[in-house]
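Open the model in your viewer and keep the sequence panel beside it. This tour tells you what to select at each stop and what is there.

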Amino acid sequence: MSPSAASHHRSHSLLLLQKLLNLRDKASPLTLILDNLEQPAHPVLNEFMTRAKISKAKIIFIALSTLKKPPLADVFIRGRHKSLQQLASEIIPHVTPSPSSPNQKNILLFDTIHPLLSTPSHLPSFLQSIIPPLTTSCLLVYHTDIPLLPQSTPYTPTPLSVLTHLSTSILTLTPLSHVLATKAAEDKSLPAPVFGLRSSREGVLLSLRPPSSPQGVVITMELRRKSGRVVQEKFVLFPSPPTTTAQHRQQTKGVGGVILLSDHPAFSTATTEEEGEGIQATFNLGLTEKQRRDREGVVLPYFDAQTEVGGGEGGRILYDMGREDDFDEEEDEI
């Protein structure tokens with residue numbers, strides 16, 4: 001990829017993620033966040049809430065596993081042990097546009113969607129009732145490490161299949177330290193390391209991380225455009241330090257930094273070759289002007305065969321006898 005094309009791709013990809021994090025221009029009405037025990041969704045949710053607070057959007061937090069109200073949340077709804085109808089009746093008044101502020105933007109955050117997956121067939125109608133068009137965006141957190149009960153019939157789609165079908169964007173989270181460890185193993189042609197539950201070790205739930213391990217979240221974004229085209233890219237989110245109050249966080253503009261994973265020093269594929277310089281190697285791959293002229297002046301044997309009379313005849317062998325050659329009429333007259 002040329003430098004100008006790479007720069008354009010970088011700018012375009014970062015702009016798409018920034019629009020998604022800022023929930024600007026109706027980037028994604030329904031965003032599904034796939035996390036696990038190794039990388040919870042809290043840093044990404046905090047990033048969404050921080051940016052929503054800056055844009056003066058109403059943050060409605062639906063708590064299905066959270067006990068305390070987050071500092072940045074405007075509305076805190078406890079959804080534990082409530083049916084979909086009861087939960088919808090509490091959410092709809094907060095997302096319905098009021099006459100005084102008809103263009104008020106809202107953001108719905110579900111800290112986990114698992115308690116609502118007992119009847120996945122009712123999810124589409126539930127989500128449609130609580131997400132008014134144009135003004136509200138919804139974030140759903142799905143824990144990939146939690147097993148679900150088997151479906152009643154083998155033809156019933158799984159809850160994850162239903163959610164991925166409905167979502168307009170999907171964010172898969174991975175710890176940066178794990179991605180760097182996998183990259184280091186691949187560079188040395190070693191097996192990729194496994195972490196946490198995937199290690200299949202008895203009693204192991206989480207892998208230990210040293211304090212010096214790099215902090216960051218690798219986000220694999222799958223954005224589905226209105227045209228049907230899917231945009232996939234990997235980013236690294238460096239969350240801002242947590243603050244105790246929403247006012248202090250808003251004053252400091254605690255927005256995290258975002259870069260492409262390919263721009264990370266461990267993944268950077270940019271060469272150190274400067275313009276006008278050759279490839280850095282222990283031998284010279286180029287030719288001087290004299291070597292190029294000498295190469296062009298070499299006359300190969302098949303050129304002479306084309307200039308000889310009857311050169312088009314197949315099977316002729318052009319050979320000049322030397323002094324030491326012994327001519328044999330029977331064998332050499334071919």
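Start by selecting Glu222, which counts as partly exposed at 23% relative accessibility. Buried means under 20% relative accessible area, exposed means over 50%, and partly exposed lies in between, with a 1.4 Å probe and protein chains only. This is a predicted model, in which local features need pLDDT of at least 70, side-chain atom pairs count only at pLDDT 80 or more, and totals for chains, interfaces and linings use all residues. Residues are numbered from 1 along each chain as its sequence is written, and side-chain values use heavy atoms, with hydrogens and water left out.

**Salt bridges**

Arg224 forms a salt bridge with Glu222, and their closest N and O atoms are 3.3 Å apart. A salt bridge here is a side-chain nitrogen of Lys or Arg within 4 Å of a carboxyl oxygen of Asp or Glu. Arg224 is also partly exposed, at 26% relative accessibility. The structure holds eight salt bridges.

For another, select Asp74 and Lys53, whose closest N and O atoms are 2.4 Å apart in a salt bridge. Asp74 is in the loop between β2 (58-63) and β3 (75-78) and Lys53 is in helix α2, so this pair ties together parts that are 21 residues apart in sequence. Helices (H or I, at least four residues) and strands (E, at least two) are DSSP runs, numbered from the N terminus.

Next, select Arg292 and Glu289, which meet in a salt bridge of 3.0 Å, N to O. They are three residues apart in helix α8 (residues 289-297), separated by about one helical turn. Arg292 is partly exposed at 30%, and Glu289 is partly exposed at 48%.

**Helix α2**

Select residues 42-54. Helix α2 has 13 residues and reaches 18 Å from its first C-alpha to its last, close to the 18 Å expected at 1.5 Å a residue. The expected span is 1.5 Å times one less than the number of residues. Among the buried residues of α2 are Val44, Leu45, Phe48 and Lys53. Then click on Lys56, which follows α2 and has a positive phi, near 65°.

**Strand β6**

Select residues 169-175, which are β6. Five of the seven residues of β6 are buried, so this strand is largely enclosed by the rest of the structure. Two strands pair if DSSP finds at least two bridges between them. β1 and β6 pair in the parallel sense over four bridges, while seven bridges join β6 to β7 in the antiparallel sense. Find Thr172: it is the bridge partner of Leu34, and it stands opposite Thr220 in β7.

**Two pockets**

A pocket is an open set of points on a 1 Å grid over the protein atoms alone, where a 1.4 Å probe fits, with protein on both sides within 12 Å along at least five of seven lines; lining residues have an atom within 4 Å of a point.

The largest pocket has a volume of about 710 Å³. It is lined by 36 residues, and Asp25, Lys26, Ala27, Ser28 and Pro29 are the closest to its centre. Select α1 too, which gives the most to this lining, with six residues.

Finish at the second largest pocket, which holds about 610 Å³ of space. Of its 28 lining residues, Asn36, Thr174, Pro175, His178 and Arg198 lie nearest the centre. The largest share of this lining, five residues, comes from α6.

Notes:
Points joined across faces, edges and corners; volume = space filled by probe spheres on them.
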